[in-house]
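Reader: I would like to go through this model and ask what each label rests on. Please set the values against the cut-offs as we go.

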Amino acid sequence: MLVALVGGAVSSTAFNPSPINQPLVVGPGSSLVPPKLVAQITVEKLIKLSNLLSANLQQTEPKPQLLLDSHLVLMAQPKKQQQRIQEMVSWLEVFTIYTLVMVSRFSHRWRGLTQYKLLILPTYHHFSGQVWLDFDKAFREHATATNFTDWSNINAQLFSFHSASFPQSTGSGDWKQG
């Protein structure tokens with residue numbers, strides 16, 4: 001029996017991928033992931049992960065408004081400044097949404113994406129600064145450019161490049177591999 005999250009509901013029967021041209025319901029209290037973002041993620045196009053932050057998903061596009069002289073024009077509504085990922089909690093939010101979108105279409109990707117998340121967490125604890133965020137961006141760019149889909153395997157050269165010049169943090173816990 002396969003248990004899957006499809007369109008926001010748990011299904012314990014056969015896995016039925018959600019269409020990429022529909023928004024994805026993430027869960028209670030969360031915004032819908034727009035169809036455009038769902039499509040970009042499921043075809044593995046590089047996206048700005050910050051687009052998946054709840055505050056950024058709630059922003060609306062300008063809507064046409066009718067003026068007095070009966071001409072239809074686009075009135076640009078002031079757009080809120082887009083939120084950025086600056087701390088681990090925000091990254092965990094967006095990467096979890098990214099994973100839900102990806103596995104709603106490709107259930108076999110769950111394990112690799114989860115293992116990748118479990119690599120980023122000790123990187124965050126082990127290094128000072130935003131090594132974890134820089135590595136994540138570089139890894140996703142590399143994965144997109146090379147059609148790399150097994151996110152459970154670290155790219156050691158890329159990781160070394162991004163972590164070599166940063167001191168280890170003085171936080172608790174030792175870096176353990178394996």
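Reader: Why is F139 called buried?
Author: The model is a predicted one. In it, F139 has a relative accessible area of 1%. Buried means under 20%, so F139 is buried.

Reader: What makes the pair of F139 and F148 edge-to-face?
Author: The ring centres of F139 and F148 are 6.0 Å apart, and rings pair if their centres lie within 6.5 Å. Their planes stand at 85°, and planes over 60 degrees apart count as edge-to-face. The F139 and F148 pair is therefore edge-to-face.

Reader: Why is F148 called partly exposed?
Author: F148 has a relative accessible area of 27%. Buried is under 20% and exposed over 50%, with partly exposed in between, so F148 is partly exposed.

Reader: How many aromatic pairs are there in the whole structure?
Author: A search of the whole structure gives 14 aromatic pairs. Another of the edge-to-face kind joins F127 and F159, because their ring centres are 6.1 Å apart and their planes are at 70°. F127 sits in the loop between α4 and α5 and F159 in helix α6, so this pair ties together parts 32 residues apart in sequence. Both F127 and F159 are buried.

Reader: Which residues form the aromatic cluster?
Author: One aromatic cluster is formed by W91, F95, Y98, Y116, F127, F135, F139, F148, W151 and F159.

Reader: How do you know that the buried residues of α6 line one face of the helix?
Author: Helix α6 covers residues 156-163, and its buried residues are L158, F159, H162 and S163. Seen down the axis of α6, these buried residues fall within an arc of 115°, so they line one face. The face turned away from the buried side carries the exposed residues Q157 and F161. Cover for the buried residues of α6 includes α4 (110-126) and α5 (131-146).

Reader: R140 is an arginine; why does R140 count as buried?
Author: The relative accessibility of R140 is 9%. The cut-off for buried is under 20%, so R140 counts as buried. R140 is found in helix α5. Apart from neighbours within four places in sequence, R140 is in contact with L46, I47, L49 and W151.

Reader: Why is S50 called buried?
Author: S50 has a relative accessible area of 8%, and under 20% means buried, so S50 is buried. S50 is placed in the loop between α1 (35-42) and α2 (54-57). Neighbours within four places aside, the contacts of S50 are N56, Q82, Q83, R84 and I85.

Reader: And why is P35 called partly exposed?
Author: P35 has a relative accessible area of 31%. That value falls between the 20% limit for buried and the 50% limit for exposed, so P35 is partly exposed. P35 lies in helix α1.

Reader: Which residues have the most contacts inside the largest nonpolar core?
Author: The largest nonpolar core has 36 residues, and those with the most contacts inside it are V33, L49, L52, W91, Y98 and Y116. The elements giving two or more residues to this core are α1, α3, α4, α5 and α6. The largest share, nine residues, comes from α3. Beyond its neighbours within four places, W91 is in contact with L49, I85, Y116, K117, I120, W132, L133 and D136.

Reader: What makes up the protein as a whole?
Author: The protein has six helices and four strands, in the order β-β-α-α-β-β-α-α-α-α from the N terminus. Buried residues account for 33% of its 178 residues.

Definitions and conventions: Residues are numbered from 1 along each chain as its sequence is written. This is a predicted model: local features need pLDDT of at least 70, side-chain atom pairs count only at pLDDT 80 or more; totals for chains, interfaces and linings use all residues. Side-chain values use heavy atoms; hydrogens and water are left out. Buried means under 20% relative accessible area, exposed over 50%, partly exposed in between (1.4 Å probe, protein chains only). Contact means heavy atoms within 4.5 Å. The arc is that of the directions from the helix axis to the C-beta atoms. Rings of Phe, Tyr and Trp (its six-membered ring) pair if their centres lie within 6.5 Å; planes under 30 degrees apart count as stacked, over 60 as edge-to-face and the rest as tilted. A nonpolar core is a set of buried Ala, Val, Leu, Ile, Met, Phe, Trp, Tyr and Cys residues joined through side-chain atoms within 4.5 Å.
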